[in-house]
Amino acid sequence: MASTLYKNIFIATDGSKQNRKAVQHSIELARLSGAKLYAGYVVDTAAFASIPMDAGWEMMYELLEKEANVATDSVEDLAKEAGIVCETVTLEGNPSHEIIEFADNNNVDLIVMGTLGKTGFDRFLLGSVAEKVTRNSKVPVLVVRGDSEEE
């Protein structure tokens, strides 16, 4: 029986091991509610705004775009295995702003994200993104803590 509570769920992914638990939660919620899943990755172009637009920047962008495709395709594969309709999206800009804007423009009922991203400074930034999304989103946000052994 499909739920009317969740029709569209957005999972913010970065492809990290720590994000797997959030991905699992989003897939299970989508399965239980009959919701469509959006697997999204945000290329933080604001972080590269001060870098001159040359071949080096293009190469960096291509690497980030490839990382985005790997991360979202991984979620899509897991969703398909679970019988979930999943659409992948790569967004560009400030991560928290882009996640919230996507949710607003696509009738998203729930945003799912992890508290931990990659390691070091990237980990700090993702925590900051989760906090900003939680504070500013018009829709509920499920923040899933990664497993402690993966921290």
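Which residues gather in a patch of negative charge on the surface?

1. The patch consists of Glu58, Glu62, Glu65 and Glu92. Helix α2 (residues 55-81) supplies the largest share, 3 residues, and Glu58 lies in that helix. Patch members have over 30% relative accessible area and no salt bridge, with like charges joined within 9 Å; a salt bridge is a side-chain nitrogen of Lys or Arg within 4 Å of a carboxyl oxygen of Asp or Glu. The place of a Glu charge is taken as CD.

2. On the basis of the note: this is a predicted model, where local features need pLDDT of at least 70 and side-chain atom pairs count only at pLDDT 80 or more, while totals for chains, interfaces and linings use all residues. Residues are numbered from 1 along each chain, and side-chain values use heavy atoms, without hydrogens or water.

3. There are 2 aromatic pairs (ring centres within 6.5 Å; planes under 30 degrees apart are stacked, over 60 edge-to-face, the rest tilted). Phe10 and Phe102 form a tilted pair, 5.2 Å centre to centre with 45° between the planes. This pair links strand β1 (residues 8-12) to helix α3 (residues 95-105), across 92 residues. Helices (H or I, at least four residues) and strands (E, at least two) are DSSP runs.

4. Tyr38 and Phe102 pair edge-to-face, at 5.1 Å and 75°. Tyr38 lies in strand β2 (residues 36-43) and Phe102 in helix α3, so the contact ties together parts 64 residues apart in sequence.

5. Phe10, Tyr38 and Phe102 form one aromatic cluster. Phe10 is buried at 0% relative accessibility and Phe102 at 10%; Tyr38 is buried as well (under 20% relative accessible area, 1.4 Å probe, protein chains only).

Conventions: Rings of Phe, Tyr and Trp (its six-membered ring) pair if their centres lie within 6.5 Å; planes under 30 degrees apart count as stacked, over 60 as edge-to-face and the rest as tilted. Buried means under 20% relative accessible area, exposed over 50%, partly exposed in between (1.4 Å probe, protein chains only). Patches are made of residues with over 30% relative accessible area and no salt bridge: like charges are joined within 9 Å, nonpolar side chains (Val, Leu, Ile, Met, Phe, Trp, Tyr) within 5 Å. Accessible areas come from the Shrake-Rupley method with a 1.4 Å probe; for residues, only the protein chains shown count as cover. Lys and Arg count as positive and Asp and Glu as negative; His and the chain ends are not counted.
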